[in-house]
Amino acid sequence: MQDPEIDYEAVFRDLPGMVALLTPELVYVDANQDFERLSGRKREELVGRYIFDVFPENPKDPAAAGMRETRESMLRAATTGERDTMALLRYDIEDPLRPGQWVEHFWSPVNAPIRGKDGEVTLIVHRVEEVTEFVRAFGGRADDRRARVLEAELYTRARELQEVNERLRRAHAHEREVALTLQAAMLPPPRPVGHHRAAVRYRPAVDALNVCGDWYDLVDLPDGGMAVAVGDVVGHGLAAACVMGQLRSALSAACRVADGPGSALEALGLYARFVEGAESATAVTTFIDWDDHTITYSCAGHPPPALLDPDGTVTFLDQATDPPLGARPEHVGRPQTSIRFAEGATLVLYTDGLIERRTEDIDRGLARLADSLAQHRHAEPEPLADALLADLLPPEGNTDDTALIVLRL
């Protein structure tokens, strides 16, 4: 049976409840029939106009905050890319048939972003439940005075909830800002690595509360080689960022004194047992010997690095894998193995945010990575890093942090 053709414009027009579409600048693009009917404004009176030019705040009520709170909610949805649900809101509307006369309304609004193919917010869906009659229904079996008291009580409790939500939102936003600042301070900035070109990228998750513990590092070794590592701490928020800093510093020190990446990760695993929140963290480190053209590597529960040969062949370094840090109850040494590389090859280390999707097997993500590397094999590290992010991160934004190192060998 052939799927029926759906007229989405007709569906939008007939949606139950008040629904309007606005640009991120809060200009009306469209409105459905219930929005026209319940707001008392025709579609042609809305489209192309700024929302608060159409619905200004009641000048007779100096304590009203409906316009300010609605604007802040819409702008949050536009800038964060997250749905913003508002508590019960009183917003009076001027009667279009009686200028200067304002009609009291109670609304329950939700503002939801719509992203374009580039991941940027292009529209805001403004959905409003008209609950004025519900609020007034308290007076159905009581006198007017009692009804007004109940109405005021409901409105007051809704405003208190809105204020609590706003304080929580500010607190979470502050925690994210602190965590991102801490991450940026602890992650090394891009720097020259001899005559070898390198690019590093860090992309925090789009979720405003989802700061994670991904890290990367490049370490000059005493014998003239280089250690390149990435890791990922389980969990979110400021605590994960703090654990990330401890593990990155510990691995950086271990690489400088260990006789190989396996020993470095073994030392890190022992250390992780005594760091709260480090359980099941993952990491991979590679030791590069420029003279012998070899990479020695070891993985602790982490996605395998990728080695891109100049001819486009991609090899995943998956022959020395072990459980995540702190996963074993007893002390066991970590494996390591070596692989030769050709002059001009490219080494790519990354965290799981680059390849993993909740609805698919990891092999599909690895295949996407290999295809993207082969396609862009002639690119220098900086444009290659940008191409990998563009090809592999979902257009609606990554739901997990992503760290990436691209090193030309």
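The structure is a predicted model, in which local features need pLDDT of at least 70 and side-chain atom pairs count only at pLDDT 80 or more, whereas totals for chains, interfaces and linings use all residues. Residues are numbered from 1 along each chain as its sequence is written, and side-chain values use heavy atoms, with hydrogens and water left out.

Helix α9 comprises the 12 residues 261–272, helices being DSSP runs of H or I with at least four residues and strands runs of E with at least two, numbered from the N terminus. At 1.5 Å a residue, α9 should span 16 Å, and its end C-alpha atoms are 16 Å apart, which agrees; the expected span is taken as 1.5 Å times one less than the number of residues. Within α9, the residues P261, G262, A264, L265, L268, G269 and A272 are buried. Seen down the axis of α9, these buried residues fall within an arc of 160°, so they line one face of the helix, the arc being that of the directions from the helix axis to the C-beta atoms. Here and below, buried denotes under 20% relative accessible area, exposed over 50%, and partly exposed the range in between, computed with a 1.4 Å probe on protein chains only.

A search of the whole structure finds 16 salt bridges, each defined as a side-chain nitrogen of Lys or Arg within 4 Å of a carboxyl oxygen of Asp or Glu. One of them joins the side chains of R37 and D34, at 3.2 Å from N to O; both residues lie in helix α2 (residues 33–39), three residues apart, or about one turn of the helix. R37 is exposed, with a relative accessible area of 57%, whereas D34, at 18%, counts as buried. The side chains of D95 and R98 also meet in a salt bridge, with an N to O distance of 2.9 Å. In this pair, D95 is buried at 17% relative accessibility, while R98, at 45%, is partly exposed.

A further salt bridge is formed between R334 and D322, whose closest N and O atoms are 3.4 Å apart. R334 lies in the loop between β16 (321–322) and β17 (337–340), and D322 in strand β16, so the pair ties together parts that are 12 residues apart in sequence. R334 is buried, with a relative accessible area of 15%, and D322 likewise counts as buried, at 12%. Finally, R68, E69 and E72 are linked in a network of salt bridges.
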